[in-house]
Amino acid sequence: MSTTPSTPASGWSNGPLPANVRIGENTLITADYAFKRFRTKQADALCIGSHCTMDGVHFAIEQSGRVSIGDYCYFTNAVLLCELELRIGNYVVVGWNATIADSDFHPLSPAERIVDAIACSPLNQGRPRPEIAKRAVVIEDDVWIGPNATILKGVRLGAGAWIEAGSLVTRDVPPGSRVLGNPAQIVGEVK
Amino acid sequence: MNPDRTLPWDWYPGRVPDNVAVDPEAYLETTYSFHLFRSAAADAVRIGRGASIYLGVMFDVGPKGRVSVGEFTLINGARIICDAEVSFGDYCLISWNTVFMDTCRLPTSASLRRTELASTASREPRRLESTTIARPIRIERNVWIGFDACILPGVTVGEGSVVGARSVVVEDVPPFSVAVGNPARIIRKLDPLKTENA
């Protein structure tokens, strides 16, 4: 028996990764449901850097969605809902049951919502859904997101921002600021 | 509980840790609730008579953490992130998807956080070991906490108070108050002696 020096293990606890997922060394993904709603057909739709822990994360990425995550990120049971793009930097921490979404998933106007309801129904014969607003979410390096927080479409979280547990973030957060509440307000600087 | 500390009705093939004291007249739905439990403290968890701990509860308790659950307290689903102490008094009602965190587990300084994340990545299993000061959470007797609420480090919720659904509690709630919102504010006081169906 030979013992070969092994590079740190990478992969998904429940089987081989989908073909359009790329992960760096020592990156672990757990949970059987991780790719249950992984519907994207893009090449390299999900790219995760090295030394990341993706513990119980939902990668709910629709047809044309793309998600990139940097190195040394630590996500616990986060829900990533992506129709367009989530761009996440290095050393980002996301707490239990936090949600990050780049779309509202349905149109705002009542008339268009009726069209959408029909398009989503079992009676729809392949008719397209109406256009839905999507705006990329950008999370810069060193951001901390607490449990039960929600980050909505088009938001940019500046480097080192601290998002308290349960916050609902609808607007950009400047680098180094601490936010809290629904809607999230700046309550101070990160010390 | 069986003599080997498994539960006869459990769907998860686990055991109740040795330093968890469950009253014979308490109900614990599943040992999956201890999947992230790693406290080495004596009497790390105490679950009182008539208390019930349902499916959605996770004791994410660090090496020195301690949790106590009083008599007749019902916890439907709670993520208890505890490195110091989280205590629930008697007759509490705790709804689903609630978060009780006495620590953020990571330093607020980005550079210190980087160091900690780098060492976590080489740890097996990959758990954050608290490097920040934890501040105990105290939920006094007869408190009702609505679903999706978060209770942040250092908070005390006073006797008889109610915390509304989805509230985020960042500072103490005095006894017999109703606190709602994110961040939570006191919107009314309760009369400890009044009954609705007298």
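Q: Arg166(B): buried or exposed?
A: In this predicted model, Arg166(B) is buried, because 20 other C-beta atoms lie within 10 Å. The cut-off for buried is 20 or more.

Q: Where does Arg166(B) lie?
A: Arg166(B) is in a loop of chain B, between strand S16 (162-163) and strand S17 (168-169).

Q: And what about its phi?
A: The phi of Arg166(B) is positive, about 65°, although the residue is not a glycine.

Q: What is the phi of Phe72(B)?
A: Phe72(B) also has a positive phi, about 60°, and is not a glycine. Its loop in chain B runs between strand S6 (66-69) and strand S7 (74-75).

Q: Why does Phe72(B) count as partly exposed?
A: Because Phe72(B) has 17 other C-beta atoms within 10 Å. Buried takes 20 or more, and exposed takes 12 or fewer.

Q: What is omega for the bond from Asn182(B) to Pro183(B)?
A: Omega is near 0°, and that bond is cis.

Q: Now the interface. How many residues of chain B are in contact with chain A?
A: 22 residues of chain B, in contact with 23 residues of chain A.

Q: Which elements give two or more residues to the chain B side?
A: Strand S11 (98-101) and helix H1 (110-120) of chain B. H1(B) provides the largest share, 6 residues.

Q: What classes of residue are on that side?
A: The chain B side that touches chain A has 13 nonpolar, 4 polar and 5 charged residues.

Q: Which residues touch the most other members in the largest nonpolar core?
A: Phe59(A), Leu80(A), Ile163(A), Ile151(B) and Val169(B), in a core of 106 residues. Strand S8 (residues 78-82) of chain B gives this core its largest share, 4 residues.

Q: What does Ile163(A) touch?
A: Leaving out residues up to four places away in sequence, its contacts include Trp144(A), Leu157(A), Val169(A) and Ala184(A).

Q: Last one: where is Val115(A)?
A: Val115(A) is in helix H1 (residues 110-119) of chain A. Val115(A) counts as partly exposed, because it has 15 C-beta neighbours inside 10 Å.

Q: How far is Val115(A) from Arg127(A)?
A: Their C-alpha atoms are separated by 9.7 Å, and the two residues are 12 apart along the chain.

Definitions and conventions: Residues are numbered from 1 along each chain as its sequence is written. Chains are lettered from A and ligands numbered from 1 in the order in which they are written. This is a predicted model: local features need pLDDT of at least 70, side-chain atom pairs count only at pLDDT 80 or more; totals for chains, interfaces and linings use all residues. Two residues are in contact if their C-beta atoms, placed from the backbone, lie within 7 Å. Ala, Val, Leu, Ile, Met, Phe, Trp, Tyr, Cys and Pro count as nonpolar, Asp, Glu, Lys and Arg as charged, and the others, Gly among them, as polar. A nonpolar core is a set of buried Ala, Val, Leu, Ile, Met, Phe, Trp, Tyr and Cys residues joined through C-beta atoms within 7 Å.
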